[in-house]
Amino acid sequence: MSMIMLSALRRQCLSQFRARLFHQPYCIRNGLHGSSAGFAKKLNRKDAYSHLEAVHGPDQFGTLSPQVDEPETADEGDLKEEDFLQNLPSQGQKLSVRQYADMIKDHLKNNRIREALDVVEVRMKQDRVKPVNYHFNLLIGGCARVGYSKKAFQLYNKMKQHGLKVTGGTYTSLFNACAISPFLGDGLKRANHLREIMLEKGYEPNETNYNAMIKAYGRCGDLMTAFQLVDEMVARELNVATDTFNFLLQACISDREYGFRHALLVWHRMHRMKISPDRYSFNLLLRCVRDCQLGELETMEQVIEQILSQSIVQPQQQLASVGEKRTNEGTLAVNDESTPSLQIAYVNSELTDRLNHEGVPDLLSPKPHLGSLVKLGEVRKAEDRLLLLGGSSNVFAEMKRCNVEPDVRTMTELLDVIPPTYAAEKQLLTTIKQLKLGCDIDFFNILIKKRSMRFDYEGAREVLYMIEAANLEPDIVTYGVLALGCQTQEEARSLLNMMKQADVRMNIQILGAMLRQGCARNNFRYVTEVLNIVKRERLKPNEPFLRHLEEFGKVCEKRDRDYDAKPRQKGRDEFKMEYNRYRMHLDAWREHMGLQGLALDQALGIVREHPWEQFKQSQPDGFEAVKNPKLRHKRKKQHSIRKVDVDAIADDDDDGDDGLLKKVEDQTKEVRLVH
């Protein structure tokens, strides 16, 4: 009986043990590899606690942590942290402050903005080296020179977060960034904010800061603030030099409607303050002549009379010296009450002489006059505004009086504003030859463009012989301005073959100039060939290219409707056939470019490139034209114009230079000031 009970009790204990074995977690301890998970897999059961193990013994209160399989790919952040901790830079691997600065300078010198920024943002961070304000000032200056204003101010904020000292050079670079920013509204907003910060900190700007502020406000279109800053410099008795007035002239250029009037006021303000202009002053004034208008005629007349009145020498000192002069025979006394009337009479007499002066007008010299001048309503073109200054000969005479020697930039600016005639161009080339100046390829590019814009395509191609005679080589801009004269497909193909022989790759600007000619002449096959070249060369169309296509499409649609209204009109069938073929090619081209079904604004949004996108990417290798560091700083090649046969250039008339002078005087007499 006892044996039977003992056997039953044993079986009951064994069954309870088995039940506990399969339904309770099993601890793996002291190297024993076995778990309830293995049994659960065999029995196809899912246990919620199969991945948990007790940290301590079964009789101790512990923490249960999951057993999770390691991921196949490690976390990128963990790898960086492990690499950073295991590969600490040694003291010998760290560079000095000067060496990091030299790296930044080298990148900036070769326009590698992204790489220069990486020196501080990546390299120095990896080396655990804290940048100093010198490094930040270098980067801010580099970003400012290319107009990357957003990044320049980000670096300025980081500089303050690092607790580094903000110097006057930092403010100068930041205002330069605002001045060169491609977004004028954003640049003006940043300039105002930066100026408020300077006032809050009680920082007193120096002359360099003021010049940078004038440049920023002037280029961003706030001329009022720019002129107020000059008055502030005078009030603080700071040195107002030629550079300050040069920045004011840059401000005048930004105002296309009234800039010429402002430039005259600035120029004569320089005369009154006894400040001599330099070469850059004359070049900027010529740029104002080219780009800026007179504004309202009545206001312009008042400005001219103001300039003439202020330039007249006041006779107070002469009258005072005469009143104090005594002779042995007696005293020459001047009544004090009569002195003002004499002054007024002198000023009125001199002003009348200036207004009625004969000859070419001269509003450039310290003693301006109107000559035979000028009906201001007729002054519309750049050559007319140049005549107000006395013409190119008077510009050279004024430069000689100020001891300023013209350079090739001066000649290039003059080439843009002289009359569009062979005689005027020949006179300018003769002057270059007499002054023994060296000309670069840019001068001849402007000459080609000037002739192309007046539809003298044959004369534009003749400039190539002048380039060859001056031992110069055409550049990509030369082919671009030559493309303005490609009226037919054959001429376009000839230019493209010339570029291929010179190993110059075409760009969208050159093809855009050809497209403009094809659209102007309603040549569907010419336009289609240009579209095929863009597709074959995998070029991205720019904004002018798409605008030409849009305008050409509107012209063709109007012409198509006219033909539908008059079905018997001559040339209808030929136009319909060419136009339908062109539309098929255009639709296929748009689909290939990803522009199918898009309006012009939408297409422009796709092709328009952000001006700062280039600074966010690393520069590809081999971008620099010159790899030799000894030749990297070589000046741009310039050659003398003396080899060009100036006499071989055809004249518009047989009178030569005499005829030109006569023509200039005749043009001068056509313009008169209306009182």
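Reply: Let us begin with burial. Buried means under 20% relative accessible area, exposed over 50%, and partly exposed in between, with a 1.4 Å probe and protein chains only. Cys143 is buried, for its relative accessible area is 2%. The model is predicted: local features need pLDDT of at least 70, side-chain atom pairs count only at pLDDT 80 or more, and totals for chains, interfaces and linings use all residues. Residues are numbered from 1 along each chain as its sequence is written, and side-chain values use heavy atoms, with hydrogens and water left out.

Me: How many disulfides are found in the whole structure?

Reply: A disulfide is a pair of cysteine sulfur atoms within 2.5 Å. The search of the whole structure finds zero. Cys519 is in no disulfide, and its nearest cysteine sulfur, that of Cys556, is 7.8 Å away. Cys519 is buried, at 13% relative accessibility.

Me: Is Arg269 buried, partly exposed or exposed?

Reply: Arg269 is partly exposed because its relative accessible area is 29%. Arg269 lies in helix H13, residues 259–272; helices (H or I, at least four residues) are DSSP runs, numbered from the N terminus.

Me: Which residues is Arg269 in contact with, leaving aside neighbours within four places in sequence?

Reply: Contact means heavy atoms within 4.5 Å. With those neighbours set aside, Arg269 is in contact with Asp231 and Phe245.

Me: Where is Ser392 placed?

Reply: Ser392 is in helix H19, residues 391–401. Ser392 counts as buried, at 17% relative accessibility. Beyond its neighbours within four places in sequence, Ser392 is in contact with Leu386, Leu414 and Gln427.

How values were computed: Helix = DSSP H or I, 4+ residues; strand = E, 2+ residues; numbered from the N terminus.
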